[in-house]
Amino acid sequence: MKNRAALITAVVVTAAIAVPGTAFAAAHAFRPDPTRAHSFVTGDTPLIADGVAIGKNVSWYKSSGLGPAARNTTPGVSAEERYIPTDVFPGGELPAGVTLTEAQGINALMRIGENLDKAGLSYDDVVSMRVFLQNPRGAEKMDFAGWNRAYRQFFANTNLATGEVLDVQLGSATTEPMVVNEARPSRFALEVENLPVDGWLVEVEVDAVYPR
């Protein structure tokens, strides 16, 4: 009997050593409010959240992946140029420094906004985002900087400590954001070899949480 008790004690001690802190994790783990989503954000002006915890009773919405709409009907444009949003860039003419990925990113995020609106949501309600980027024709890699400029037109453009609206970049120029929004979604971005529509450089999918 003593040997059996000693063996059980040894197994418990070994397990505690092998997985340090397990016995204490439950007491210290963050538990989100069951009816809320909590974004973990570092600093006052971060680009994205570190992550998001979604309570078990939260109602949330997952969008389909959306790329840019074909807005540019100017004769002779390339497949990529067809997705320049002409309501933002009249005639499909891009201002200094604005890249095709940036223009398409703005276009795709405008479509995301329309999609959210149909579901009774807005950009403010977005808590996570997945982004797929294709390298522009002739480029060796994706235009991540151009995407980030497009993203900041709609997200992460306020100072969380002061509420001040931050200026953002549109190509080489500094402007006010198209949509003022303090939300910082958790996010990943991947370069992919080919997106499903010829000419797309950007595709975006989001998760949004319904306000209580």
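Which backbone nitrogen does the side chain of Gln-134 reach at 2.7 Å? The backbone nitrogen of Leu-195.

## Model and conventions

This is a predicted model, in which local features need pLDDT of at least 70 and side-chain atom pairs count only at pLDDT 80 or more, while totals for chains, interfaces and linings use all residues. Residues are numbered from 1 along each chain as its sequence is written, and side-chain values use heavy atoms, with hydrogens and water left out.

## Overall fold

The protein chain has four helices and eight strands; helices (H or I, at least four residues) and strands (E, at least two) are DSSP runs numbered from the N terminus. Along the sequence the pattern is α-α-β-β-β-α-β-α-β-β-β-β. Of the 212 residues, 39% count as buried; buried means under 20% relative accessible area, exposed over 50%, and partly exposed in between, with a 1.4 Å probe and protein chains only.

The chain exposes about 11800 Å², and carbon and sulfur atoms supply 55% of this area, computed by the Shrake-Rupley method with a 1.4 Å probe, where for residues only the protein chains shown count as cover. Among contacts (heavy atoms within 4.5 Å) between residues at least 6 apart in sequence, 68% join residues at least 24 apart.

## Strands E1 and E2

Strand E1 (residues 37-40) pairs with E2 in the antiparallel sense over four bridges; two strands pair if DSSP finds at least two bridges between them. Val-52 in E2 is the bridge partner of Ser-39. In a regular strand the side chains alternate between the two faces of the sheet. For E2 (residues 51-54), Gly-51 and Ala-53 form the covered face, and Val-52 and Ile-54 the uncovered one.

## Nonpolar core

The largest nonpolar core has 30 residues, and those with the most contacts inside it are Leu-116, Met-129, Trp-147, Phe-155 and Val-204. Such a core is a set of buried Ala, Val, Leu, Ile, Met, Phe, Trp, Tyr and Cys residues joined through side-chain atoms within 4.5 Å. Helix H3 (100-118), E4, H4 and strand E8 (202-209) each supply at least two residues of this core, and the largest share, six residues, comes from H3.

Leaving out residues up to four places away in sequence, Phe-155 touches Leu-109, Tyr-123, Val-126, Met-129, Asn-181, Ala-183 and Pro-185. Ala-156 lies in the loop between H4 and strand E5 (168-170). Although not a glycine, Ala-156 has a positive phi of about 55°, and its relative accessibility of 0% makes it buried.

## The loop at Gln-134

Gln-134 sits in the loop between strand E4 (126-133) and helix H4 (144-152) and counts as buried at 14% relative accessibility. Beyond its neighbours within four places in sequence, Gln-134 is in contact with Val-192, Glu-193, Asn-194, Leu-195, Trp-200 and Leu-201.

## Salt bridges

The count comes to five salt bridges, each defined by a side-chain nitrogen of Lys or Arg within 4 Å of a carboxyl oxygen of Asp or Glu. In one of them, Arg-149 and Glu-102 have their closest N and O atoms 2.8 Å apart. Arg-149 lies in helix H4 and Glu-102 in helix H3, so this pair ties together parts 47 residues apart in sequence. Arg-149 is buried at 18%, and Glu-102 is buried at 0% relative accessible area.

Asp-207 and Arg-130 meet in a salt bridge at 3.0 Å, N to O. Asp-207 is in strand E8 and Arg-130 in strand E4, so the pair links parts 77 residues apart in sequence. Salt bridges that share partners join Lys-62, Arg-130, Glu-205 and Asp-207 into one network.

Terms used
Polar contact = N/O pair within 3.5 Å; in protein donor to acceptor, adjacent residues only side chain to side chain.
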